Amino acid sequence: MIENTLRVGVMSFAHVHARSYLSLLSSNPRVDVYCSDPDAREGDNSRGAPFAESIGGTYCSTYEELFDNDLDAVVICSENTKHRELTELAAAKGCHVLCEKPMATTVADARAMIQACEDAGVILMVAYPVRFSPDFLALKQAYEADEIGELLTVSGSNNGRIPVEARAWFCDPELAGGGCIVDHTVHVADLFDALTGATPISVRAVGNRILHRDKPDVLTETGGFVHITYDSGVTLVVDCSWSVPDNYPTWGGVTLDLVTDRNIASIAPFSHAATGFSESSSLFYDFGVNTDEILLNTFLEGIRTGSAPQPDGQSGLRTSAIVEAAISSADRGGEPVSTGLV
């Protein structure tokens with residue numbers, strides 16, 4: 001068990017969650033924080049050294065300089081398609097890894113990341129904070145106690161604002177691996193994964209660019225539906241669209257709806273807030289728990305105790321397989337595509 005202060009590095013500020021993670025780590029008295037964002041564009045105050053200075057943490061101009069600080073762990077917040085290379089780099093340095101979602105955009109990359117961390121004897125955890133919400137934990141407890149019934153079908157949504165301007169890489173398939181299908185399917189799929197442990201076997205998906213067609217830099221789908229079939233026989237349908245208005249006061253939300261032989265059960269983990277918006281103003285007062293904080297504390301506790309926390313690399317592999325199959329299916333007009341996991 002590690003008792004001393006942990007030395008944690010944040011690799012890249014590309015992902016919007018970098019702000020939350022860096023702020024939480026910087027306020028933790030048992031953590032020394034280091035960070036690096038070498039791909040930041042000069043003059044972009046939303047990333048790089050100016051971003052670090054506004055929040056906290058010792059800034060390093062390169063990843064090599066970052067690892068010179070004898071790190072125990074890293075949190076990877078880079079663009080999706082860079083997750084593998086940064087995970088392999090961190091594992092080679094003997095660092096535990098918390099990687100932003102999706103863990104990877106291909107099964108091959110996901111498997112390589114798992115292998116790199118296994119070979120190095122380090123933890124690989126994936127940033128799926130929604131599974132730590134009280135709403136989901138209550139649902140899971142009821143499901144495991146057989147209070148809900150046998151699942152027949154499940155649907156869910158993860159709708160949000162389109163990430164543009166400083167986070168426009170989300171709309172670049174070379175960096176993101178896809179658009180809203182990659183960005184927003186995985187949170188709902190991870191909830192189903194954590195609830196049932198079922199393995200996804202095939203995926204059908206459709207996507208379009210009807211939403212936000214006035215934004216010239218968007219190169220990916222902005223609306224989509226993903227239909228996932230599991231080895232349990234249950235299907236999960238996900239609305240993953242970037243359909244929240246640009247002037248909405250927060251990023252969006254997540255829902256999960258279960259239909260069983262006895263009940264209908266629904267959760268909306270991010271609904272614990274007072275909200276309102278118009279064309280000129282908005283209101284958002286959040287009174288829910290900070291699931292990012294719970295996620296980070298779970299990761300840090302796993303390092304201290306030597307026990308690998310969930311969601312782990314295998315969880316990330318299953319959702320990565322869904323993403324890869326969904327993009328392939330959408331490209332084929334909605335044809336079913338195998339995940340290759342069974």
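**Close-up 1. P311 in the loop between α9 and α10 of the predicted model.** P311 sits in the loop that links α9 (291-305) to α10. The whole model is predicted. The peptide bond from Q310 to P311 is cis. Its omega is about 0°.

**Close-up 2. Helix α10, from its span to its end.** Helix α10 covers residues 313-331. At 1.5 Å a residue, its 19 residues should span 27 Å. The C-alpha atoms at its ends are 27 Å apart, so the model agrees with that expectation. Of the 19 residues of α10, 15 are buried, so the helix is largely enclosed by the rest of the structure. Just after α10, G333 adopts a positive phi of about 75°.

Close-up 3. Helix α6 is made of residues 134-144. Its buried residues are D135, F136, L139 and A142. These cover an arc of only 125° around the axis, which puts them on the same side of α6. An α-helix has 3.6 residues a turn, so residues three or four places apart point the same way. The face of α6 turned away from the buried side carries Q141 and E144, both exposed. Cover for the buried residues comes from elements including α8 (180-196), β11 (252-260) and β12 (264-267). Just after α6, D146 has a positive phi of about 60°.

**Close-up 4. The crossing of α6 and α8.** The axes of α6 and α8 come within 10 Å. They cross at roughly 35°. The crossing is right-handed. On the α6 side, F136, L139, K140 and Y143 make the contact. On the α8 side, the contact is made by L191, A194, L195 and T196. F136 and L139 are also among the buried residues of α6.

Close-up 5. P102 belongs to the loop between β5 (96-100) and α5. A cis peptide bond joins K101 to P102, with omega about -20°. Helix α5 (residues 107-120) holds D109. Is D109 buried or exposed? D109 has a relative accessible area of 19%, so it counts as buried, the cut-off being under 20%. Leaving aside neighbours within four places in sequence, D109 is in contact with R84 and A104.

**Close-up 6. S12, a loop residue with positive phi.** S12 is located in the loop between β1 (6-11) and α1 (18-26). Its phi is near 80°, a positive value in a residue other than glycine. With a relative accessibility of 1%, S12 counts as buried.

**Close-up 7. H212, in the loop between β8 and β9.** The loop that holds H212 runs between β8 (200-208) and β9 (223-230). Phi of H212 is positive, near 60°, in a residue other than glycine. H212 is buried, and its relative accessible area is 13%.

Key
Residues numbered from 1 in each chain as written. Predicted model: local features only at pLDDT ≥ 70, side-chain atom pairs only at ≥ 80, totals over all residues. Heavy atoms only, no water. Buried < 20%, exposed > 50% of the residue type's maximum accessible area, 1.4 Å probe, protein only. Helix = DSSP H or I, 4+ residues; strand = E, 2+ residues; numbered from the N terminus. Arc of directions from axis to C-beta. Contact = heavy atoms within 4.5 Å. Expected span 1.5 Å × (residues − 1). Axes fitted to C-alpha atoms, helices over the stretch in contact; angles between N-to-C directions. Left-handed = near helix turned anticlockwise from the far one by under 90°.
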